[in-house]
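Come along and check each entry as you read.

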Amino acid sequence: MSKLILFNKPFGVLPQFTDRGSETKRATLSDYIDLPGVYPAGRLDRDSEGLMMLTGDGKLQARISDPKYKMPKTYLVQVEGEVSDESLDMLQRGVKLKDGLTRPAEVERFEEPDLWPRDPPIRVRKSVPDCWLKLTISEGRNRQVRRMTAAVGHPTLRLVRWSVGEWSLEGLQPGEWRHAE
């Protein structure tokens, strides 16, 4: 059986085991996971939260992270402003970014999810409403979800990766991990 770890990466944690090149110590995966022979299958930016997967199986790692396999990744995204039907349509058709047109996304408005509080909290502006989207993509460009929501006029305030393929964060608090079933 291949070893697959599901980890709920907290905000501010680097998606790697070491921190090179920083004068101040930053949290890394090694602060939470002490298992030999597992490596991240894909990345999740320091300022994003949620599901990271780690494995020592190179084929599984490729199947999870290589865009050619089109494994769906679902995010809960808090964005600035009330998202219009037109903006949803743009995301569903694909958004033109500097590095080309994205694949179409599955997206819907979403009631505020019952998530853990983020530390630090997002910035709140009383004059600007926000809303939540559930967004699923099948590619993994650098900071893609943030760039997509910004391109349709709704900057991302909070980004939580909820699931990758069949695996989800269900039952994992920030900083917790478990073996996948």
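**Ground rules.** I call a residue buried under 20% relative accessible area, exposed over 50% and partly exposed in between, using a 1.4 Å probe and protein chains only. The model is predicted, so I kept in mind that local features need pLDDT of at least 70 and side-chain atom pairs pLDDT 80 or more, while totals for chains, interfaces and linings use all residues. Residues are numbered from 1 along each chain as its sequence is written, and side-chain values use heavy atoms, with hydrogens and water left out.

**Entry: Thr74.** I began with Thr74, which counts as buried because its relative accessibility is 9%. I found Thr74 in strand β4; strands (E, at least two residues) and helices (H or I, at least four) are DSSP runs numbered from the N terminus. What does the side chain of Thr74 make a polar contact with? I found the side chain of Thr136, at 2.7 Å. A polar contact is a pair of N or O atoms within 3.5 Å; within protein, one must be able to donate a hydrogen and the other to accept it, and residues adjacent in sequence count only if both atoms are side-chain atoms. Leaving out residues up to four places away in sequence, I listed what Thr74 touches, including Val160, Trp162 and Ser163; contact means heavy atoms within 4.5 Å.

**Entry: Ser163.** Beyond four places in sequence, Ser163 touches Leu51, Pro72, Lys73, Thr74 and Ser168.

**Entry: the pockets.** I then looked for open space. On a 1 Å grid over the protein atoms alone, a pocket is an open set of points where a 1.4 Å probe fits, with protein on both sides within 12 Å along at least five of seven lines; lining residues have an atom within 4 Å of a point. Grid points are joined across faces, edges and corners, and a volume is the space filled by probe spheres set on the points.

I noted about 350 Å³ for the largest pocket. Its lining has 21 residues, and Arg43, Tyr75, Gly140, Arg141 and Arg161 lie nearest the centre. Which element gives the most to this lining? It is α3, with three residues. By class, I noted seven nonpolar, six polar and eight charged residues; Ala, Val, Leu, Ile, Met, Phe, Trp, Tyr, Cys and Pro count as nonpolar, Asp, Glu, Lys and Arg as charged, and the others, Gly among them, as polar.

The second largest pocket holds about 160 Å³. Among the residues that line it are Trp116, Arg118 and Trp132.

Entry: I saw that the peptide bond from Asp119 to Pro120 is cis, with omega near 0 degrees. Pro120 sits in the loop between β7 (106–110) and β8 (130–137). Lys70, in the loop between α1 and β4, has a positive phi of about 50 degrees although it is not a glycine. Arg143 also has a positive phi, near 50 degrees, and I placed Arg143 in the loop between β8 and α3.
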